Amino acid sequence: MLELMLNDQIVQIDYAKPDSMLLEYLREQQGLTGTKEGCASGDCGACTVVMVDTDADNELRYRQINACITPLNALHGKQIITVEHLSQHGVMHPVQQAVVERHGTQCGFCTPGIVMSLYALCKQKQAPDNPADYLAGNLCRCTGYGPLIEAAQHIAQVEIFDPAQQSEQALKAWLNQCDEQQTVNYLKPKTRQQLAVAKQQLPEAKLLCGATDLALDVTQQLNTIPQIIDLSEVDDLLTISETKSGWRIGAAVPLTQVHTLMKTHFPSTNEVLERLGSLTIRNRASLGGSLGHASPIGDIAPLLISLNGKIEVDDGTDKILYAPEDYITGYRETQLKPNQWISAVHIPRLAPNQKHAIYKVSKRYEDDISTVVLALNLTLDSEQRVKHCILSAGGIAAKSVRLTELENLFIGRPFTQLLVQKVKAVVPEVIHPLSDVRGSAEYRVQLVQNLLQRFYLECHQISTRLAEHA
Ligand SMILES: Cc1cc2nc3c(=O)[nH]c(=O)nc-3n(C[C@H](O)[C@H](O)[C@H](O)COP(=O)(O)OP(=O)(O)OC[C@H]3O[C@@H](n4cnc5c(N)ncnc54)[C@H](O)[C@@H]3O)c2cc1C
Ligand code: FES
Ligand code: FES
């Protein structure tokens, strides 16, 4: 039995197949056809709805999600708000009004999804730095984004009275009282021990966290997933803790939260995390999911390699740490044994003399998979010689890689333009990427060379600026 609050109604569902998605339920079972299906793969945002739950401080948390790739069973004990709930008594909601006043809709297919992303924006207690981020997961093919970005900026600036808001107290009480989910073939453990038991109970089950990768097996490949263990509520996988050497980040912490932490302590990672999918994707996606599917074009593995991070793997009894480059063994292959899961990643602090950068090149700025990711982490000694070097990349081999041959060319030598030229010249001998829809092999080689050059120029500019101010 599964229970959720749909708009202002509590609904109970006797049984939902582990791989049934919310979109299908809304449109086909509930007749809520305002939520549209465009791509069924998390790309277009036509299916955007808002999920409500409480955070660690028991504050209500409103996050936009893609209904097309969210399993219905993942929503036990949560509220889902659809576009039908916004206008009350035939009067448009202020976020709808903001879109209409700026002529932000034409054919209207994208509009419900856009309105729901703007609704999530209007529910944030603190205005975001860039309100347009809330629209990064919504494609509009006819209106153009100018009026929509203006609507987002307006919504972020003014205080909005939300006619759809229920009593906060009653909503929190319901969200906090919901019984544990009892669904055969969809287990949702809350602790490390319960997860170990769940693994014994359903040894063939697929692990799932945000489902932003796994759900595509169902919606794009038309496969079925008969058994699922949902990791999104396991306490050990949800904590972020500061350790002596750095941070331990739980494998199920949503990437939105990971992004907030990382941009504070590792500002060089901000852009790549801001461009990982969209806010809608990052609200559900996790580090464990990214390392779990080990895609050669995923952004997290090269990032983690470059920061000298480690992957923590658990079986309920012992935890083992792996370097990501050792953990990922081949194309979507890892060291993970059937009784194990990824519980966290560990990231050490950067020292002041470490220069770190990560660059992502993709066809579209936001919500697009990388053609190439290159990450660099150089430690220079007092004479500007390279003392230590990590170079990692995605999109150039069957797995995310550490480019040790190139690293060795840097180590012990002065970090100069001449050295960078020499390393660039060796790149075609060291990497042998594939050609595909995202770019030819030659283009990828050229990207790695150009990004090495960019890194040098950026470091050089920073040093020059520091010297000028000294
Ligand atoms: C529209 C769209 C855009 C995207 N853009 C990007 C992008 O720009 N960059 C990028 O890197 N990725 C991108 N992705 C891929 C994906 O969103 C991320 O890799 C995400 O981090 C996956 O996390 P998840 O929790 O949703 O994984 P899930 O789908 O829940 O799981 C993915 C896989 O990992 C396994 N798994 C999950 N958690 C664990 C765990 N703790 N231990 C072991 N195995 C586990 C699952 O069994 C499954 O095989 C995009 C996806 C979509 C749909
Ligand atoms: S239908 Fe396109 S993101 Fe869901
Ligand atoms: S109004 Fe037609 S796709 Fe946006």
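Which residues is S117 in contact with, leaving aside its neighbours within four places in sequence?

## About the model

This is a predicted model, in which local features need pLDDT of at least 70 and side-chain atom pairs count only at pLDDT 80 or more, while totals for chains, interfaces and linings use all residues. Residues are numbered from 1 along each chain as its sequence is written, chains are lettered from A and ligands numbered from 1 in the order in which they are written, and side-chain values use heavy atoms, with hydrogens and water left out.

S117 is found in helix α3, residues 111–122, where helices (H or I, at least four residues) and strands (E, at least two) are DSSP runs numbered from the N terminus. At 0% relative accessibility S117 counts as buried, because buried means under 20% relative accessible area, exposed means over 50%, and partly exposed lies in between, with a 1.4 Å probe and protein chains only. Leaving aside neighbours within four places in sequence, S117 is in contact with T48, Q64, Y134, L135 and N138, contact meaning heavy atoms within 4.5 Å.

V372, in strand β17 (residues 372–380), also counts as buried, at 0% relative accessibility. With neighbours within four places again set aside, V372 is in contact with Y359, K360, V361, G394, G395, I396, R444, L447, V448 and L451. One of these, G394, is 22 residues from V372 in sequence, and the two are 5.7 Å apart in space, C-alpha to C-alpha.

## Two buried residues in helices

K424 lies in helix α15, which covers residues 417–430, and K424 is buried, with a relative accessible area of 16%. Apart from neighbours within four places in sequence, K424 is in contact with Q449, L452 and Q453. K424 and V361 are 63 residues apart in sequence, and their C-alpha atoms are 18 Å apart in space.

H259 has its place in helix α8, residues 255–265, and at 8% relative accessibility H259 counts as buried. Its contacts, once neighbours within four places in sequence are left aside, are with N270, L273, E274 and R282. The C-alpha atoms of H259 and K319, which are 60 residues apart along the chain, are separated by 25 Å.

## The surroundings of ligand 1

There are 34 residues around ligand 1, and of these L207, C209, T212, S286 and H293 come nearest; a residue is near a molecule or strand if one of its heavy atoms lies within 4 Å of it. An oxygen atom of ligand 1 is 2.7 Å from a polar backbone atom of C209, an oxygen atom of the ligand is 2.7 Å from a polar backbone atom of L214, and an oxygen atom of the ligand is 2.7 Å from an N or O atom in the side chain of H293. The protein covers 94% of the 990 Å² of accessible area that ligand 1 has on its own, where accessible areas come from the Shrake-Rupley method with a 1.4 Å probe and, for residues, only the protein chains shown count as cover.

The elements that give two or more residues to the shell around ligand 1 are β7 (206–208), α11 (287–293) and β15 (341–348), and the largest share of that shell, 5 residues, comes from α11. By residue type, the shell divides into 15 nonpolar, 12 polar and 7 charged residues; Ala, Val, Leu, Ile, Met, Phe, Trp, Tyr, Cys and Pro count as nonpolar, Asp, Glu, Lys and Arg as charged, and the others, Gly among them, as polar.

## Nonpolar cores

A nonpolar core is a set of buried Ala, Val, Leu, Ile, Met, Phe, Trp, Tyr and Cys residues joined through side-chain atoms within 4.5 Å. The largest has 77 residues, and those with the most contacts inside it are L22, I80, I249 and M262. Not counting residues up to four places away in sequence, I249 touches T239, I240, V258, L261, M262, L287, A344, V345 and I347. A second, separate core of 34 residues includes L60, I81, A151 and A152.

## Two loop residues with positive phi

N185 has its place in the loop between α5 (168–177) and β6 (186–187), and its phi is near 70 degrees, a positive value in a residue other than glycine. N185 is partly exposed, with a relative accessible area of 23%.

A294 is found in the loop between α11 and α12 (300–306), and the phi of A294 is near 50 degrees, again a positive value in a residue other than glycine. A294 is buried, with a relative accessible area of 3%.

How values were computed. A polar contact is a pair of N or O atoms within 3.5 Å; within protein, one must be able to donate a hydrogen and the other to accept it, and residues adjacent in sequence count only if both atoms are side-chain atoms.
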